[in-house]
Amino acid sequence: MSSSRERSSHNRVKTAVLDASALLAKIYRFIPRHEIKLYTTPGAVGEVKDQENKQALEEALDLGLLEVRTPEKGFVEQALKHASMIGEVSKLSKTDIEVAALAIELKESRGTLVFTDDYSLQNLLLHMRIGFKPLKTTGVSEMRAYFERCPVCGYVPGEPGEGKCPLCGSEIKRFKASSARQ
């Protein structure tokens, strides 16, 4: 039995955003629609490749269990800016940024929770003060900040998933923020 504090906290969450791992876990089948409105992004839907999960997802969309929504550009820019500030850009995909952006957008009008097992996305959400729920992992418990750059020419990545330097071809490296300036 949950405490009144847990129930109170749970009742404030009105929306949830599902990333691809949550779609693959079919979490939308277990959350009552009358309690939480579920959303996902086109990018997360696009990451569901196998026939079984695609079919289950299409069925869920047809039944109205969740809604696919594209975040507004301003929120995508805001999520990307936060990711850059904490050195997570190279570790996040465009879909991760899209999920974070939708969470920011929905948070403005109501409480939002993100279901994800992605540690870099969880770290970003933690920094942005957006709740998350891991599915199969323990999840991150403390904020981490990094500094990303090319060790050869000093290029700082600006695009999600940018693992190689577009200027010299070297691998982008990540350093803990406290040791990045040493």
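## Two positive phi angles

Lys26 is placed in the loop between helix H2 (20-24) and strand E2 (37-40). This is a predicted model. The phi of Lys26 is positive, near 55°, and the residue is not a glycine. Most residues other than glycine have a negative phi. Lys26 is buried, with a relative accessible area of 13%.

Arg129 also has a positive phi, of about 60°, and is not a glycine. Its place is the loop between H7 and strand E5 (131-133). Arg129 is exposed, at a relative accessible area of 65%.

## Helix H6

Helix H6 covers residues 94-107. At 1.5 Å a residue, its 14 residues should span 20 Å. The end C-alpha atoms are 20 Å apart, which agrees.

Of these 14 residues, 12 are buried, so H6 is largely enclosed by the rest of the structure. Among the buried residues are Thr95, Asp96, Ile97, Glu98 and Val99. Others include Leu102, Ile104, Glu105 and Leu106.

## H6 against H7

Two packed helices are described by the angle between their axes and the distance between the axes. H6 packs with helix H7 (residues 119-127) at an angle of about 30°. Their axes are 10 Å apart. Angles under 35 degrees count as roughly parallel, so H6 and H7 are roughly parallel to each other. Their crossing is right-handed.

## Rings and charges

The structure holds zero aromatic pairs. Tyrosine rings do meet charges, however. The charged end of Arg174 sits over the ring of Tyr146, 3.7 Å from the ring centre. The charged end of Lys37 sits over the ring of Tyr39, at 5.4 Å from its centre.

Key: Residues numbered from 1 in each chain as written. Predicted model: local features only at pLDDT ≥ 70, side-chain atom pairs only at ≥ 80, totals over all residues. Heavy atoms only, no water. Helix = DSSP H or I, 4+ residues; strand = E, 2+ residues; numbered from the N terminus. Expected span 1.5 Å × (residues − 1). Buried < 20%, exposed > 50% of the residue type's maximum accessible area, 1.4 Å probe, protein only. Phe/Tyr/Trp six-rings, centres within 6.5 Å; stacked < 30°, edge-to-face > 60°. Lys NZ or Arg CZ within 6 Å of the ring centre and 35° of its normal. Axes fitted to C-alpha atoms, helices over the stretch in contact; angles between N-to-C directions. Parallel < 35°, antiparallel > 145°, perpendicular 65-115°, else oblique. Left-handed = near helix turned anticlockwise from the far one by under 90°.
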